[in-house]
Amino acid sequence: MRTVPAEDGCPETSGPGRDAAAHAAREVIELLEVLWNRGRDMTSPAPVSSSQLRVLYILERDQPINLRTLGEVLGSAPSSVSRMCDRLDALGFIERSPSSASRRELELRLSSRGDSYLKDLRERREAALLDVISAMPPAERAALATGLSGFRLAVEDTEPKGRAAGDGRARSAGSA
């Protein structure tokens, strides 16, 4: 079990500090889901599931990528990844092309329509979040910024060793 620092800086695996952190995490998740869905509802003529959205984000960051590597990044079975990509291809959000590394593989890329979808989705989400943050008193906005900065540092501290965010681990379509 991973330990969490208690208020005095000593690691804590259970107890009131852990319970409070779990409660705060649930509240943040629920609030973000509400905000993201508000932004998505304003955007999407062709909505995608959260799993499909994750594929679009991965393709945007790591393209080109092959199905096997995408499955590894997602932790999903090849058949599930293939079906998800079939749906995204049918929506025109991704493109498949023969791999330059192997004739037996296909490379996946985000299409211009998929790129536009992500840009529009981000703009809508940012607008929804900006509306909420703008309604906060300045002191609470400052506290939010401080808390998010601490959150980012904690995320970086808990990253598995040897794998930083956006490290390009799934970049090469030929590495699969």
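A: With a relative accessible area of 26%, Arg-96 counts as partly exposed, in a model that is predicted. The side chain of Arg-96 takes part in a salt bridge with that of Asp-86, with an N to O distance of 2.6 Å. Asp-86 belongs to helix α4 and Arg-96 to strand β4 (residues 94-98), so this pair ties together parts that are 10 residues apart in sequence. Arg-96 also meets the side chain of Asp-89 in a salt bridge, here at 3.8 Å, N to O.

Two packed helices are described by the angle between their axes and the distance between the axes. For helix α3 (residues 67-74) and helix α4 (residues 78-91), the axes come within 9 Å and cross at roughly 110°. An angle of 65 to 115 degrees counts as roughly perpendicular, and α3 is therefore roughly perpendicular to α4. On the α3 side, the residues that meet α4 are Leu-67, Leu-70, Gly-71 and Leu-74. Their counterparts in α4 are Val-81, Ser-82, Met-84 and Cys-85.

A search of the whole structure finds eight salt bridges, among them one between the side chains of Glu-60 and Arg-122, at 2.6 Å, N to O. This pair links distant parts of the chain, with Glu-60 in helix α2 and Arg-122 in helix α5, 62 residues apart. Glu-60 is partly exposed at a relative accessible area of 28%, and Arg-122 is partly exposed at 36% relative accessibility.

The protein has six helices and five strands, which follow one another from the N terminus as β-β-α-α-β-α-α-β-β-α-α. Of its 176 residues, 26% count as buried. Among contacts between residues at least 6 apart in sequence, 54% join residues at least 24 apart.

How values were computed: Residues numbered from 1 in each chain as written. Predicted model: local features only at pLDDT ≥ 70, side-chain atom pairs only at ≥ 80, totals over all residues. Heavy atoms only, no water. Helix = DSSP H or I, 4+ residues; strand = E, 2+ residues; numbered from the N terminus. Buried < 20%, exposed > 50% of the residue type's maximum accessible area, 1.4 Å probe, protein only. Contact = heavy atoms within 4.5 Å. Axes fitted to C-alpha atoms, helices over the stretch in contact; angles between N-to-C directions. Parallel < 35°, antiparallel > 145°, perpendicular 65-115°, else oblique. Salt bridge = Lys/Arg side-chain N within 4 Å of Asp/Glu carboxyl O.
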